[in-house]
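Hello,

Here is the structure we talked about. Please open it and keep it in view while you read the notes below.

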Amino acid sequence: MSEITADEVTPLVSISNRTLSRTDQRTPFQRNLAVYLILFSAGFERLAFYSLAGNLTFFLDSKLINWRFPHTIIAPLIFLGTSYISALIFAWISDGRLGRAKTILIGFIFYSIGYTLMILFANEHMHQNWCPIRNNTTEIPKSDFFHELCIEYILPTLILTAIGVGAVQANMAVFGADQVREQRHRTRYFDIYYAAVNTGGLLAFGAIAYLQINKDYFIGYLVPGVLLLLSFILFLLGYKYYIHVRPEDSVITEFLPIVINAFQSWRNQRRTQVGIINQNEPVVETEGDSTDYLSFTVSRPSWSFLDYAKAENNGRFPDGIVNDIKSLRRIIAVFLLLTPYWLLYVQVETTFIVQGAHMKLPTSFRRMPVVWLSLANQIIIIVTIFLLNTFVYKRLQASGRSFPINTRIVIGMISAALSMCMAGTVEIFRQNICKTQNFTQIIAGKEYVAANMSVFFQFPQYVGIGLSEVFTSVASLEFAYLAAPQSAQSLIMSLRFCSAGLSSFFGSGIVGLLSIENGNHTTENYHNDDRYYSYFFILAGLQLVFVLVFVECNRKFKILKVPNHHRNLRHFLSSNSETRTT
């Protein structure tokens with residue numbers, strides 16, 4: 001059998017046991033130093049990222065910026081979408097051109113420049129010099145997104161920062177794994193990496209969010225900005241101790257030449273009526289690294305048009321490179337089917353926050369940032385993964401069973417859909433209560449019309465999203481590692497980010513449609529608009545439809561199968577934090 005199913009593999013994340021291009025000559029101290037510098041760098045970088053992304057909606061809605069709803073949601077979605085899409089581009093650059101370390105350094109440069117500009121925008125004096133407040137008596141602000149105050153500076157800055165984020169998150173986790181591959185005793189790298197990334201997230205959503213809401217956004221961005229610079233410095237300090245895996249020709253680089261050569265080979269065989277392939281009989285590949293990737297021809301399961309480019313079929317490319325190209329079809333199919341899930345996932349950092357701002361904060365925690373509820377999301381991730389690895393997976397492994405990837409993905413999708421249903425139900429009750437029992441509360445100096453309904457009613461929807469991350473996001477990360485060709489490790493990881501980016505742009509479009517003009521009035525008051533609880537139920541329905549599509553595609557086309565040459569694996573643990581972003 002030339003393939004195994006990803007479902008047959010038990011660990012959360014696995015990575016192939018490939019040898020490095022050269023012997024590791026580092027001392028044990030240098031090895032450990034390289035690994036821990038990367039871990040600390042990743043932790044501080046994630047802290048900076050979540051400090052910007054977590055409260056970006058409130059920053060744009062603050063008195064200083066004063067953007068209107070739903071533009072305060074659309075801009076963060078564009079930011080997240082750009083960071084995920086750019087990850088795909090920089091993954092190709094790192095795999096096939098510059099290598100991971102240089103790509104990360106370039107990303108840090110873009111990242112730091114963009115973050116510095118965001119810090120300056122948060123300074124009231126600098127902001128007023130660059131973006132003077134409109135005179136309401138002489139100028140009526142337009143409702144169009146591109147006419148918001150200072151958008152000609154803020155939006156390009158967010159995009160520049162997101163590009164830097166994409167370059168770093170596409171390569172940091174894989175580059176760290178490169179440093180420990182020859183240390184067979186250190187099989188828990190991703191465990192520590194997971195802890196570092198989530199610690200950064202917890203600090204960002206906890207302490208930094210408190211500074212931003214109750215003190216000042218300038219201070220709230222300055223502190224993580226300094227830590228981002230520290231992250232950059234830490235990464236540079238270990239540069240001479242890192243193992244640098246030489247970049248190879250990326251599958252993206254070879255894609256067009258292989259397609260062209262396959263066509264030429266096919267045409268030549270048709271012309272001469274002589275070919276290695278007998279069109280009346282199915283061809284079965286018997287080589288150990290052959291693959292069966294999402295073929296839609298039932299009678300010829302191992303054959304693909306791209307096989308004409310193989311040297312054995314009078315093409316000019318080795319079998320391995322052609323098989324790597326073929327593998328992309330299966331992987332792309334999986335991540336395209338996951339796109340609706342990421343659309344639900346990004347609601348944690350957008351609509352959930354807006355909804356919470358229009359609910360009653362507890363009296364004893366008047367200064368509590370609404371984003372603190374998202375801490376429940378991360379705590380659920382930490383606790384659930386700990387319980388799964390401590391009890392569930394060990395018991396299953398001891399009994400010779402596993403928790404299949406497709407099962408975990410489906411469970412996570414359903415959990416996300418239920419989370420949206422809970423959010424929609426909360427929104428219905430909140431709007432009904434707001435009609436008769438409402439009051440004004442102040443968050444970060446901005447007044448919000450809130451319903452007399454506790455913000456803690458949001459807790460179940462955060463739990464639902466957290467559970468979905470544990471299953472769907474982590475399982476998709478495992479599949480990305482299992483299915484990745486050697487020449488495209490960063491690229492395959494970035495396909496996950498790319499599908500999340502597509503969902504973010506799609507989500508910004510949906511929110512924009514919900515705010516279309518009605519006559520000369522644009523809906524800006526979230527607190528009493530029926531369309532926004534419908535939004536949650538639409539997302540839930542979309543996800544349930546794609547659950548059925550995903551199950552059927554996997555049943556019919558076996559999209560979660562993994563090449564046989566990835567059978568020998570080393571086991572690691574990781575989390576979806578890379579989705580958010582590593």
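C421 is partly exposed, because its relative accessible area is 27%. Keep in mind that this is a predicted model. C434 has 4% relative accessibility, so C434 counts as buried.

Now the disulfide. The structure holds one. Which cysteines form the disulfide? They are C131 and C150, with sulfur atoms 1.5 Å apart. Both C131 and C150 sit in the loop between α5 (124-130) and α6 (151-169), so the pair ties together parts that are 19 residues apart in sequence. C131 is buried, at 3% relative accessible area. C150 is buried too, at 4%.

Next, look at helix α9, residues 217-237. How far apart are its end C-alpha atoms? They are 30 Å apart. The helix has 21 residues, and at 1.5 Å a residue it should span 30 Å, so the two values agree. D216 caps the N-terminal end of α9. A side-chain oxygen of D216 lies 2.9 Å from the backbone nitrogen of F218. The buried residues of α9 include Y217, G220, Y221, P224, G225 and L228. Watch the spacing as you go along the helix. An α-helix has 3.6 residues a turn, so residues three or four places apart point the same way.

I379, I382, V383, F386, L387, F391 and V392 make a nonpolar patch of about 590 Å². I379 lies in helix α14, residues 374-398.

Best wishes

How values were computed. Residues are numbered from 1 along each chain as its sequence is written. This is a predicted model: local features need pLDDT of at least 70, side-chain atom pairs count only at pLDDT 80 or more; totals for chains, interfaces and linings use all residues. Side-chain values use heavy atoms; hydrogens and water are left out. Patches are made of residues with over 30% relative accessible area and no salt bridge: like charges are joined within 9 Å, nonpolar side chains (Val, Leu, Ile, Met, Phe, Trp, Tyr) within 5 Å. Accessible areas come from the Shrake-Rupley method with a 1.4 Å probe; for residues, only the protein chains shown count as cover. A salt bridge is a side-chain nitrogen of Lys or Arg within 4 Å of a carboxyl oxygen of Asp or Glu. Helices (H or I, at least four residues) and strands (E, at least two) are DSSP runs, numbered from the N terminus. The expected span of a helix is 1.5 Å times one less than its number of residues. Buried means under 20% relative accessible area, exposed over 50%, partly exposed in between (1.4 Å probe, protein chains only). A polar contact is a pair of N or O atoms within 3.5 Å; within protein, one must be able to donate a hydrogen and the other to accept it, and residues adjacent in sequence count only if both atoms are side-chain atoms. A disulfide is a pair of cysteine sulfur atoms within 2.5 Å.
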